[in-house]
Amino acid sequence: FHTKMNAALYGPPPNVAVPEALNLIFGHYCSPWKSSYATEEETALANVKTMDGASFARMCREAPELDQFVSRSQIDLIFSKAKPQGVRRIDFDHFLEALLSLSTKVYPDEVPTIALANFLARFIFALFDQPPSPDGVNVIENIIRELS
């Protein structure tokens, strides 16, 4: 496994599994108060956490160094492709699709699972307030194991 430029790598917080860590990040960036009006489909999702494009872009902006690999317009396009047609927000499953699209954009030469593991370790899990892992390869292997 390799990462670009020997970057710091992060795992999920201690005692938190990868899926739970992703759910925590998704929940943190969901902003239900931002939507000024909702479509019928969005109203049906009212009890489900959803994320709008601005919140997704903010998450990407706050991920260390991600802006060196993807532009704001690429992030907006990835969000647009991940959301269902006619809806302005994404649920958790569509959030995962967007992360996978971002990861293959940043790591185009990797198979999707390895690209996603690298992406999570390099950018997304860095959003937790924790120091980088001293053992990056094991972090990525553990993430791959949990994704499988």
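Rings of Phe, Tyr and Trp (its six-membered ring) pair if their centres lie within 6.5 Å; planes under 30 degrees apart count as stacked, over 60 as edge-to-face and the rest as tilted. The model is predicted: local features need pLDDT of at least 70, side-chain atom pairs count only at pLDDT 80 or more, and totals for chains, interfaces and linings use all residues. Residues are numbered from 1 along each chain as its sequence is written, and side-chain values use heavy atoms, with hydrogens and water left out.

**Exercise 1. Describe the chain.**

Step 1. List the elements. The chain has 7 helices and 2 strands. Helices (H or I, at least four residues) and strands (E, at least two) are DSSP runs, numbered from the N terminus. Their order is α-α-β-α-α-β-α-α-α.

Step 2. Check burial. Of the 148 residues, 44% count as buried. Buried means under 20% relative accessible area, exposed over 50%, partly exposed in between (1.4 Å probe, protein chains only).

Step 3. Check contacts, that is, heavy atoms within 4.5 Å. Among those with a separation of 6 or more, 70% join residues 24 or more positions apart.

**Exercise 2. Find which residues touch the most other members of the largest nonpolar core.**

Step 1. Define the core. A nonpolar core is a set of buried Ala, Val, Leu, Ile, Met, Phe, Trp, Tyr and Cys residues joined through side-chain atoms within 4.5 Å.

Step 2. Name the residues. The largest core holds 45 residues, and Phe56 and Phe125 touch the most other members.

Step 3. Assign the elements. Helix H1 (18–29), helix H3 (53–62), helix H4 (72–82), helix H5 (92–106), H6 and H7 each give two or more residues. H6 gives the most, with 9 residues.

Step 4. Look around Phe56. Leaving out residues up to four places away in sequence, Phe56 touches Met51, Ile75, Phe79, Phe95, Ala98 and Leu102.

**Exercise 3. Work out which residues of H4 are buried and what they pack against.**

Step 1. The buried residues of H4 are Ile75, Ile78, Phe79 and Ala82. They cover an arc of only 100° around the axis, so they sit on the same side of H4. The arc is taken over the directions from the helix axis to the C-beta atoms.

Step 2. Turn to the other side of H4: Ser73 and Lys81 are exposed there.

Step 3. The buried residues of H4 pack against S1, H3, strand S2 (89–90) and H5.

**Exercise 4. Classify two aromatic pairs.**

Step 1. The structure holds 8 aromatic pairs. In the pair of Phe26 and Phe92, the ring centres are 5.5 Å apart and the planes stand at 70°, so the pair is edge-to-face. Phe26 lies in helix H1 and Phe92 in helix H5, so this pair ties together parts that are 66 residues apart in sequence. Phe26 is buried, at 1% relative accessibility.

Step 2. Phe119 and Phe123 form a tilted pair, with 5.3 Å centre to centre and 50° between the planes. Both lie in helix H6, 4 residues apart, about one turn of the helix. Phe119 is buried at 0% relative accessible area, and Phe123 is buried at 0% too.

Step 3. Ring pairs link Phe26, Phe56, Phe79, Phe92 and Phe95 into a cluster.

**Exercise 5. Decide whether Thr50 and Pro134 are buried or exposed.**

Step 1. Thr50 is found in the loop between helix H2 (40–44) and strand S1 (51–52). Thr50 is buried because its relative accessible area is 11%.

Step 2. Pro134 lies in the loop between helix H6 (112–124) and helix H7 (136–147). Pro134 is exposed, with a relative accessible area of 88%. Pro134 and Leu9 are 125 residues apart in sequence but 8.1 Å apart in space, C-alpha to C-alpha.
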